[in-house]
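Open the structure in your viewer and keep the selection tool ready. We will go stop by stop, and each stop tells you what to pick and what is there.

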Amino acid sequence: MILTYTSETPPLSSSARPRPFPRLSRHNRCVIELSDAGLYCPAGGFHIDPWAPVDRAIITHAHSDHARPGSRTYLTAQPGHSLLRARLADDAASIESIPYGHRVTLGDVTVSLHPSGHILGAAQIRIEHAGQVWVVSGDYKLAPDPTCQPFEPLRCDAFVTESTFALPIYRWPSEAAIAAEINAWWIANRDANRASMLFAYPLGKAQRILSMVDATIGPIVAHGAVEKYSAIYRAHGIALPAMWQPLPGSQPTPGALVLAPPSAMSSPWLKRFGVISRAMASGWMRIRGARRRRSLDRGFVLSDHADWPALLSVINETRAETVWVTHGYRAQLARWLEEQGRRVGTLDVQFEAEESEGAEAEGEQ
Amino acid sequence: MKLFAELYAALDQTTKTNGKIAALTRYLSQAPAEDAAWAVSFLIGRRPKRLLESRKLAEWAIAEAAVPDWLFGECYHAVGDFAETIALLLPPAETSSPLPLHEWVEERLLPMRDSPDDVRRAQLVSAWREMDEGQRFAWNKLITGEFRVGVSQSLVVRAIAETSGVSAETIAHRLMGEWQPTPDFWRRLIAADSSDADISRPYPFCLAYPLEGAVEDLGDPREWQVEWKWDGIRAQLIRRQFRTFLWSRGEELITERFPELEALGALLPEGTAIDGEVMPWKDAAPLPFAQMQRRIGRKVLGPKILAEVPVALIAYDLLEFRGEDVRERPLSWRREQLESIAPPNSALVLSPIVPSTDWAELTRLRQESRTRKVEGFMLKRLDSPYRVGRRRGDWWKWKIEPYSVDAVLIYAQPGNGRRASLFTDYTFGVWDEGKLVPFAKAYSGLSDEEIREVDSFVRHNTVEKFGPVRHVKPELVFELAFEGIQRSSRHRSGIAVRFPRMARWRKDKTAEQADSIDTIRALLPSQV
């Protein structure tokens, strides 16, 4: 078994008599363990979001650090099917999908996928084995988002949670407040004849922004990466405002809102827009330093991850006996939970959010 | 406080100079004189005397935010700014304060200094509860005294000039010296009338950029005054109404620390201002700057230290002559008058002029800089006025090439402010009998892109963690540049260097190819 426990703190706090840990009860076999390729369920014979090619992969969502090419078969939630196809960029990849809540049997376990509220088609993976329920959260958020199904709270015995923003400084403002900020910024730029260059992750974040802004303010221009995923969202019946695609050598469009991946930040692609105001939409924008070192004019605090209060409330509602913490502020969340008297372990996964702000910021290449 | 917090946010939200000036002008024309005076005082970096120890501020914030100490520490590492961390951690704001800035400062902030702890704490917590998040942040900044918002003093000066219609030079001058942020001061600052009264007030310093391009491009060397570039404390000595004032470039009044120079003042004619460099000076030659450091820290200067490390003012320029501001006169004229008033055999040493007929000859002479204990040359156009601030064209510093050494990155820790939660502060090692010994710390010199690359390396190659410090696999080699080198018993390598920074990332070198401590020891000046 390759589970690792947080080394910074003793595995159990407060209880009167120290117990050996992990104390696996009669049924509490490890349904999920860590293999070289990622999170693995031996009883079901599948990996979840593997970072190396495997026989059978269940994919929580189509972001690049969770959906990697090369596996023999993929299983994902139905609304995410086309996004996964586009991500893998492989027409031949064997992708199966099942509706949310639909139960399938794999080996000795029963698997179902449930909305995680992260992006279109994102799922928590519920695994039932010998009376034990494990839930792997993938990435999740509680904040409202008209472009995907809302997070579904699940009960489980063991909960594997992300921890991207697991510090109490991360508290998200309301969507309405952020929408108002973006619209006001756009109007001010339009009136000053500037383009509003908004950097955002092109899958999920960009579509959420499109659903929030007031499209009557001016034209909206999309980078190719944004348009690619937006088309898939539209095909799923999600209404998004119309967008222009900039032609090479075309006239600048002052007054436009331009949605581009963060990777375009230093690319010559920006030149065609003339005078611009640069902004980014990301949870990292909660901190001034993260905005200032990118020389951005504005930062909008908009994340597709759970903030600190949301992480804690989700974890509480699962009523899980054991919490496993993956990518993000892992040690910090584990220690906090332990001090609240929970049984906690950490899993060293190779998802990009790993305690850095790299993942969300890098975007698509 | 509302307007002021908005100003802070606006300054923080634009990277463009014009945007910042517009925000400042908007604020200064709206704010009452009482507020404008305080705002200017904070914006140019003046701070009230320490109001509260950071430790207490943290303790009370932690209690109010209901987080454990360790979690506050983790948050601080992620944010990299103390005032901001607290503002982000406090319970969500429920209201916003309508009180103006000066009331907050005069009635709430300043009285805190002399109150007992329980009163201070109650004051602080109630202040937080009256404010919104942006106001709390600005308020915390006022308390911690780290009020930097990415505006330079010259930017503030330009904005005041634009608001008032008074020239930027006059505003810069009026902001020098000692003043209290009163409404009266603000009115005098922006008044058209220019009869100013403060007798201690220094002139803004003129600063030079490093020479760009070839020295020959400067034209005829005979049009230039060439001086050695001394490495001491840049200062301005003022004699007015039988009193002497010595100002540092950081606008600190340092007269009392240099009794020799206070005495020198009495030898100068009434109405004199001299720009120069305070140097440890003995037997007509400079002492190492480290000797000066022995003096700087002391409150009381005994006869022993005064005898061991006497100072002189190396006089560069004359700004005021017989009570008249002569900065617009040509340098050659100012130098002539400076020579005429220099008291013989005193603590005033005229900065020697190096004969300049031939750039090639000067280039050769510049190589002697290190043995002469100077940093190279200063080049000043003979017909130049004495300008305000850092300007291109008339004055250049022509420094010698720095020392350079190839060293290996061994420790990294996150930076502050805009570099928070990025690994930007590095410790470098050099080889000593098969082991890497820490040799210098450096924070600057890399591009943003390189910083990201190193940051990612650090995250993936951590060998050990000590709090925020990462011990990394010794793999990356950097060329470090530095200005001076000295023996030091306080450093593990036995060596201390001055102004180390990263000159280049040597991706072509492996760790084994980095320099050894012996190579560096060879750079040490021979022991006297």
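## Stop 1: chain B as a whole

Select chain B. This is a predicted model. A compact globule of 528 residues would have a radius of gyration near 24 Å, and chain B has 26 Å, which agrees. Along the principal axes, its C-alpha atoms fill a box of roughly 70 × 70 × 50 Å. Colour by secondary structure: chain B has 19 helices and 21 strands. Of its 528 residues, 36% count as buried.

Now think about contacts in chain B between residues at least 6 apart in sequence. Of these, 71% join residues at least 24 apart.

## Stop 2: two helices that cross

Select residues 2-12 of chain B, which form helix 1, and residues 133-144, which form helix 9. The two pack with their axes 9 Å apart, at an angle of about 85 degrees. That angle makes helix 1 of chain B roughly perpendicular to helix 9 of chain B.

Which residues make the contact? Show these side chains:

- From helix 1 of chain B: B:Phe4, B:Ala5, B:Tyr8 and B:Ala9.
- From helix 9 of chain B: B:Gly134, B:Gln135 and B:Ala138.

By class, the contact of these two helices has 5 nonpolar, 2 polar and no charged residues.

## Stop 3: where the chains touch

Show both chains. The contact takes 26 residues from chain B and 18 residues from chain A. Which element gives the largest share? Helix 5 of chain B does, with 5 residues. By class, the side of chain B that touches chain A has 10 nonpolar, 8 polar and 8 charged residues.

Stay on helix 5 of chain B. Its buried residues are B:Phe72, B:Glu74, B:Cys75, B:Tyr76, B:Ala78 and B:Val79. What covers them? The cover includes parts of both chains: helix 5 (288-292) and helix 7 (330-339) of chain A, together with helix 4 (54-65) and helix 6 of chain B. Then step just past the end of helix 5 of chain B. There, B:Gly80 takes a positive phi of about 75 degrees.

## Stop 4: a sheet in each chain

Strands of a sheet pair through backbone hydrogen bonds, either parallel or antiparallel.

Begin in chain A. Look for an open sheet of 5 strands in the order 13-14-12-15-16, with parallel pairing. Strand 13 (220-222) and strand 16 (298-300) of chain A stand at the edges. Each has a single partner strand, so one side of each is left without a neighbour in the sheet. From one strand to the next, the twist averages 25 degrees.

Strand 15 (residues 276-281) of chain A pairs with strand 16 of chain A in the parallel sense, over 3 bridges. Select A:Ala281, and opposite it in strand 16 of chain A stands A:Phe300.

Now go to chain B. Here an open sheet of 5 strands has the order 1-12-11-2-10, with mixed pairing. Which strands stand at the edges? They are strand 1 (206-210) and strand 10 (353-354) of chain B. Strand 10 of chain B runs antiparallel to strand 2 (residues 224-228) of chain B, and 2 bridges join them. To see one of the pairs, select B:Glu227: its bridge partner in strand 10 of chain B is B:Ile353.

## Stop 5: single residues

Select B:Ser404, in strand 13 (residues 403-414) of chain B. Is this residue buried or partly exposed? B:Ser404 is partly exposed, because 14 other C-beta atoms lie within 10 Å. Leaving out residues up to four places away in sequence, B:Ser404 touches B:Glu479, B:Leu480, B:Ala481 and B:Ala503.

Next, pick B:Phe499, in the loop between strand 20 (495-498) and strand 21 (501-505) of chain B. Its phi is near 50 degrees, a positive value in a residue other than glycine. B:Phe499 is exposed, with 12 other C-beta atoms within 10 Å.

End in chain A with A:Ala89. Look in the loop between helix 1 (81-88) and strand 6 (94-98) of chain A. The phi of A:Ala89 is also positive, near 50 degrees. With 8 C-beta neighbours inside 10 Å, A:Ala89 counts as exposed.

Key
Residues are numbered from 1 along each chain as its sequence is written. Chains are lettered from A and ligands numbered from 1 in the order in which they are written. This is a predicted model: local features need pLDDT of at least 70, side-chain atom pairs count only at pLDDT 80 or more; totals for chains, interfaces and linings use all residues. Helices (H or I, at least four residues) and strands (E, at least two) are DSSP runs, numbered from the N terminus. A residue is buried if 20 or more other C-beta atoms lie within 10 Å of its own, exposed if 12 or fewer, and partly exposed in between; C-beta atoms are placed from the backbone. The radius of gyration is taken over C-alpha atoms; the globule rule is 2.2 Å times the number of residues to the power 0.38. Two residues are in contact if their C-beta atoms, placed from the backbone, lie within 7 Å. Two strands pair if DSSP finds at least two bridges between them. Axes are lines fitted to C-alpha atoms, for helices over the stretch in contact, and angles run from 0 to 180 degrees between N-to-C directions. Ala, Val, Leu, Ile, Met, Phe, Trp, Tyr, Cys and Pro count as nonpolar, Asp, Glu, Lys and Arg as charged, and the others, Gly among them, as polar. Angles under 35 degrees count as roughly parallel, over 145 as roughly antiparallel, 65 to 115 as roughly perpendicular and the rest as oblique.
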